[in-house]
Protein chains: 2
Amino acid sequence: MVEIVSSIEAVAGFKAAGVHCGLKKDDRLDLALIVSDCSCAAAGVFTTNQLQAAPVRYDQKLLRRGSASVRAVIVNTGSANACTGPQGDENARATAQYVAERVGCTADEVLVLSTGVIGTQLPMDKIRAGIAQAAGALGDNWQAAAQAIMTTDTRPKLASVTVTDAGGVYQIAGITKGAGMIAPNMATMLGVIVTDAALSPSQAQAALSAGVAVSYNQIVVDGDMSPNDTVLLLANGASGVKPDVDVFQQALTALCERLAQAIVRDGEGATKFIALEVRRASDDAAARKIAHTIATSALVKTAFYGSDANWGRIIAAAGRSGVPFDPSRAQLQMASAVNGRRQAVLLFNAGVPADYSEALAAAIIGAPDVQVTLDCGLGSGEATVWTCDLSHDYVTINGAYRT
Amino acid sequence: MVEIVSSIEAVAGFKAAGVHCGLKKDDRLDLALIVSDCSCAAAGVFTTNQLQAAPVRYDQKLLRRGSASVRAVIVNTGSANACTGPQGDENARATAQYVAERVGCTADEVLVLSTGVIGTQLPMDKIRAGIAQAAGALGDNWQAAAQAIMTTDTRPKLASVTVTDAGGVYQIAGITKGAGMIAPNMATMLGVIVTDAALSPSQAQAALSAGVAVSYNQIVVDGDMSPNDTVLLLANGASGVKPDVDVFQQALTALCERLAQAIVRDGEGATKFIALEVRRASDDAAARKIAHTIATSALVKTAFYGSDANWGRIIAAAGRSGVPFDPSRAQLQMASAVNGRRQAVLLFNAGVPADYSEALAAAIIGAPDVQVTLDCGLGSGEATVWTCDLSHDYVTINGAYRT
């Protein structure tokens, strides 16, 4: 077992900085820079939205070449650099160039991430000044870097793990941001994971893709998906350890799970974390469809907000998901920690309400962490989604985001 | 042109009543009965949710026989009679039987509609007493009937039209309810339309299906869909007019549009009515997918609530809709009445923001009725959806519906 901690001390060969350069209106940190002393194998997983931001196109092109030579990642907030045309592509490239000049590498060794409002050009003067400032502030400043990539997040999200295998000891660490526009297949969600283990680019890509599939890609805040979603993995080999692939995968996946769950727990306006498991659907794809339909249902999400064990809305959402679902074969259960003890309640069974205590159901759904299990009784398809409720604060945050 | 009015005077051979029999907690009307003096041709369009309420199964079975003999429709609120097992089926049948005894027909001549909470059995004593009361109150009480089918609706919804064609003069009139759980292919939405024109059952079904397809089936409040959604059409022929099929269709469709739009305008917590038109998508199915993805996006809906012309969220929603969409070929426009004059603004054009006035955009989206047009520039697919915004009140209403 690997132990994930929600902080980052230091990762050999990597430095980080988070600065304020005027991209956010107040004096919060708004630009992050991560630099490796030596060349990294790099991998990325990107949004599947057909609307792709300029930095996504830039990074994908850079990584497609497959050459293992990334030195830095720059992240700006304030503007997503999406729907910005050729000028946006040029600004992404110029941002990389500024970093390259400060770090002493080429623009082709710098990955660029942006998050913020769609359709505004990057304020390049501020970006340039911010990069100069960040380059001068590099150190073990992971907390500042994690703060600097936040948008509507209420807290920084970082995690790390120390792994010991036959070859030695190495670190994996990551920072992430999210909050809204979160759905499977990525969302306004950024993640940068670094390790001092030695990986080839193809090893890095395989491990990242597998880790993201069962973590970042199974979270839903509101079902929306941004043009910017990106998770990057940089491996600089500074520990000298060539990791056991299985052990590395296990640790990376656990780290991704921690980071992805942190996004949901800090979902815009979220008051509850809901782990939704769909079992025995006709197949895995059907299970994912059912889970996603439930997790994005406004009626289900508001019921969770109201701590109302309204199983009828969950069954009705499953019934409209467009894949096989037979209420007469389904079972729905909820569980959580009540008064320090794990308690479960069967709410719905074979087409009708189960004979349950409303008081117990209310206590279980009233907890901040609720496990919901829907057994479809049809096949062997399975899926898990981590989601949150839909609150007044979500509406407040998103009704006035640009103002 | 036919003129639709938002009231119902009288329809030859039909009587209606709305009474209070204790299904709602306060003293609001909660049970409606509609009776025809003579036998009607009847047609229905039902939820496509795989979770079907008992009354839906009951009505479908009755109408499948194709014999033109319906005399009455009974509607209860308070309980949806869904997820109620064999007892629920029995209660739907018993409800029809009570009505039959009072009206002087058979249970097979009575259609049953239910709306309310999922998973509770109908309180049959109250239903029986309510039916007796309603049977004694029959008259031109369409306003009361429309009130009696409301759940979270804030106002009754009724409409009628007088049609004159070569054969004579006839009426079409309808009452409907909705508010939440509204999505294409029906939702917690009930509609009962009556006409004194003479139709065969197959004419009635064809006309209703065609009318619903371009009205009820293109409304979205929250994307959820209930197990109870039903629209019925009863034609008793009391006017003696065999209508021209095209004229009848035109009038029925216009009536359905008025009723369906009334549902969206009274959507749970709605402050804005949004007519969303998707043009030149790759095909009609793709256009519908794009329109539905935009109309159900929590980010888009909260932006409308905040009167924020946040076109980026609309383009991003289109981009994740899973059908072909190329931002570089798309145009997005909004229009509304500002200071009594129709004004339009082009927000997005060929991959980048258009050069528009933020003040004009804010004024346009600030109106209570907004037209949004997304031209995809790809093919000849078209779709229209009528939807509303997502407000604090939606969360309040649905976070505490059962309590």
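The legends below accompany close-up views of a predicted model.

**View 1. Chain A as a whole, with its secondary structure and overall dimensions.** Chain A of this predicted model contains 11 helices and 16 strands. For its 403 residues the globule rule gives 22 Å, and the radius of gyration of chain A is close to that value at 22 Å, so the chain is as compact as a globular protein of that length. Along the principal axes, the C-alpha atoms of chain A fill a box of roughly 70 × 55 × 40 Å. Of the 403 residues in chain A, 61% are buried, and among contacts in the chain with a separation of 6 or more, 80% are between residues 24 or more positions apart.

**View 2. The largest nonpolar core and the surroundings of A:Leu33.** The largest nonpolar core comprises 282 residues, and those with the most contacts inside it are A:Leu33 and A:Ile34 together with B:Leu33 and B:Ile34. When neighbours within four places in sequence are left aside, A:Leu33 is in contact with A:Ala17, with A:Ala72 and A:Ile74, with A:Val99, and with A:Ile131, A:Ala134, A:Ala135 and A:Leu138.

**View 3. The open sheet of chain A and the helices that accompany it.** Seven strands of chain A, in the order β9-β16-β11-β15-β12-β13-β14, form an open sheet with mixed pairing. Its edge strands are β9 (219-220) and β14 (352-353) of chain A, each of which pairs on one side only. Helix α6 (residues 245-265) of chain A packs on this sheet, where it touches β9, β11 (273-281) and β16 (381-388) of chain A, and its direction makes about 50 degrees with that of β16(A). Helix α7 (residues 284-296) of chain A lies across β9, β11 and β16 of chain A and runs at about 20 degrees to β16(A).

**View 4. The pairing of β12 with β13 in chain A.** Strand β12 (residues 331-338) and strand β13 (residues 341-349) of chain A run antiparallel and are joined by 8 bridges. Within this pairing, A:Met334 has A:Val345 of β13(A) as its bridge partner.

**View 5. The open sheet of chain B, with the pairing of β12 and β15.** In chain B, 7 strands form an open sheet in the order β9-β16-β11-β15-β12-β13-β14, and the pairing is mixed. Strands β9 (219-220) and β14 of chain B stand at the edges with a single partner strand each, so one side of each is left without a neighbour in the sheet. Antiparallel pairing over 5 bridges links β12(B) to β15(B), and the bridge partner of B:Leu332 in β15(B) is B:Leu374. Helix α7(B) lies across β9, β11 (273-281), β15 and β16 (381-388) of chain B, running at about 20 degrees to β16(B).

**View 6. Helix α9 of chain B and the elements that cover it.** The buried residues of α9(B) include B:Trp311, B:Arg313, B:Ile314 and B:Ile315. Among the elements covering them are α7 (284-296) and α8 of chain B, as well as β12 (331-338), β13 (341-349) and β15 (369-375) of chain B.

**View 7. The side of chain B that touches chain A.** Contacts between the two chains involve 49 residues of chain B and 49 residues of chain A. On the chain B side, α8 (298-305), α9 (311-319), β14 (352-353) and α11 (392-399) each supply at least two of the residues that touch chain A. The residues of this side of chain B divide into 23 nonpolar, 20 polar and 6 charged.

Technical notes
Residues are numbered from 1 along each chain as its sequence is written. Chains are lettered from A and ligands numbered from 1 in the order in which they are written. This is a predicted model: local features need pLDDT of at least 70, side-chain atom pairs count only at pLDDT 80 or more; totals for chains, interfaces and linings use all residues. Two residues are in contact if their C-beta atoms, placed from the backbone, lie within 7 Å. Helices (H or I, at least four residues) and strands (E, at least two) are DSSP runs, numbered from the N terminus. Ala, Val, Leu, Ile, Met, Phe, Trp, Tyr, Cys and Pro count as nonpolar, Asp, Glu, Lys and Arg as charged, and the others, Gly among them, as polar. The radius of gyration is taken over C-alpha atoms; the globule rule is 2.2 Å times the number of residues to the power 0.38. A residue is buried if 20 or more other C-beta atoms lie within 10 Å of its own, exposed if 12 or fewer, and partly exposed in between; C-beta atoms are placed from the backbone. A nonpolar core is a set of buried Ala, Val, Leu, Ile, Met, Phe, Trp, Tyr and Cys residues joined through C-beta atoms within 7 Å. Two strands pair if DSSP finds at least two bridges between them. Axes are lines fitted to C-alpha atoms, for helices over the stretch in contact, and angles run from 0 to 180 degrees between N-to-C directions.
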